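The sequence and structure are shown first.

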Amino acid sequence: MELTTVWFALVAALFVGYFVLEGFDFGVGILLPVLGRDDKQRRVLINTIGPVWDGNEVWIITAGGAMFAAFPEWYATLFSGFYLPLLLILVALILRGVAFEYRGKRPDPRWKARWDTAIFFGSLTPAVLWGIAVANIARGVPLDADHEYTGGLLDLLHPYALLGGLTTLALFVTHGAVFLALKTTGDIRARANVIAGRLGIAAAGLTAAFLAWTAPAGLALLCALAAVAALVGALITNRRGREGWAFLGTATGIALAVATLFTGLYPDVLPSTVDPAHSLTVNNAAATPYTLRILSWVALFFAPLVLLYQSWTYWIFRRRIDISHIPD
């Protein structure tokens, strides 16, 4: 297997990891004003992701770094053409991170309410915009012969991309609700189960519609069918109170949905809607073979360390949280 293919698969795997792990983060943030009926309940919700949310963001930082090093042409075209949406995502993530840190600095309810609002919008904005961005990568954008983006902001907001944004929003909120049901007890757990069951139907339907519109074939079609099946399985196990299996189902559904898009995209990395000859591929967007070899050795050494550390973190903070754990 060529190194260009290996690194395309690694970039896809990093996006899969990011959407699965940061997906429930975003879902918890969006559900904060819905499930958090008072300050203690909101603190419970925040504490479920407190030890892991910043570690989950490492996946997208690593994905961006991998794109920059392994596919510099892809990175340059993507980040220049998608500049405004990616800037909005960055601002939302910064605001969200600051809100987590500053919310508890003062006891004033209005102070906390303002930061809760920041957490909500800091989670909602990337949950929608990431779906729009990935949908545009899968569908393609107007590129000229120099592989430069020639469209505007409105060219990124077509119906397929907007459906992608709604799909990731529904998936992340459902994923977050299942995660909260897995990590909490009592009233919050019960209400999170109800939301997961109701919204999960919409998430499965939107995912099926979005992937059908993507028109996958071959391996991508198998991934798409498995993604929808995993989401349906998550709904069934959630209804039976098996939150662990439900979380595995939503995680698998998200992972397979992202895999569908990247599998159908290959060997392109950013198709051109103007002329297929202008498309960026794993070959014309890649770095030199020497660079890819060096990157491969670095990844071979550091990737297992990162995975072990994150696995250890999730294991240490695996227990459920309830209001009794929150001091007055």
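## Cavities and their linings

In the second largest cavity, α10 contributes the largest share of the lining, with four residues. The model is a predicted one, and the volume of this second largest cavity is about 60 Å³. Its lining is formed by Thr174, Val178, Ala196, Gly200, Ala203, Leu231, Ala234, Leu235, Asn238 and Thr250. Two or more of the lining residues are supplied by each of α8, α9 and α10 (219-239). By class, six of the lining residues of the second largest cavity are nonpolar and four are polar, and none is charged.

The structure contains two cavities of 30 Å³ or more. The largest cavity has a volume of about 140 Å³, and 16 residues line it. Those that lie nearest its centre are Thr168, Phe210, Ala257, Val258 and Leu261. Two or more residues of this lining come from each of α7 (109-139), α8 (159-183), α9 (186-214) and α11 (243-265). The element that gives the most to the lining of the largest cavity is α8, with five residues. The lining of the largest cavity comprises 11 nonpolar and five polar residues, with no charged residues.

| Cavity | Volume | Lining by class |
|---|---|---|
| Largest cavity | about 140 Å³ | 11 nonpolar, five polar, no charged residues |
| Second largest cavity | about 60 Å³ | six nonpolar, four polar, no charged residues |

Key:
Residues numbered from 1 in each chain as written. Predicted model: local features only at pLDDT ≥ 70, side-chain atom pairs only at ≥ 80, totals over all residues. Heavy atoms only, no water. 1 Å grid on protein atoms, 1.4 Å probe; cavity = no way out; pocket = protein on both sides within 12 Å on 5 of 7 lines; lining within 4 Å. Points joined across faces, edges and corners; volume = space filled by probe spheres on them. Nonpolar A, V, L, I, M, F, W, Y, C, P; charged D, E, K, R; others polar.
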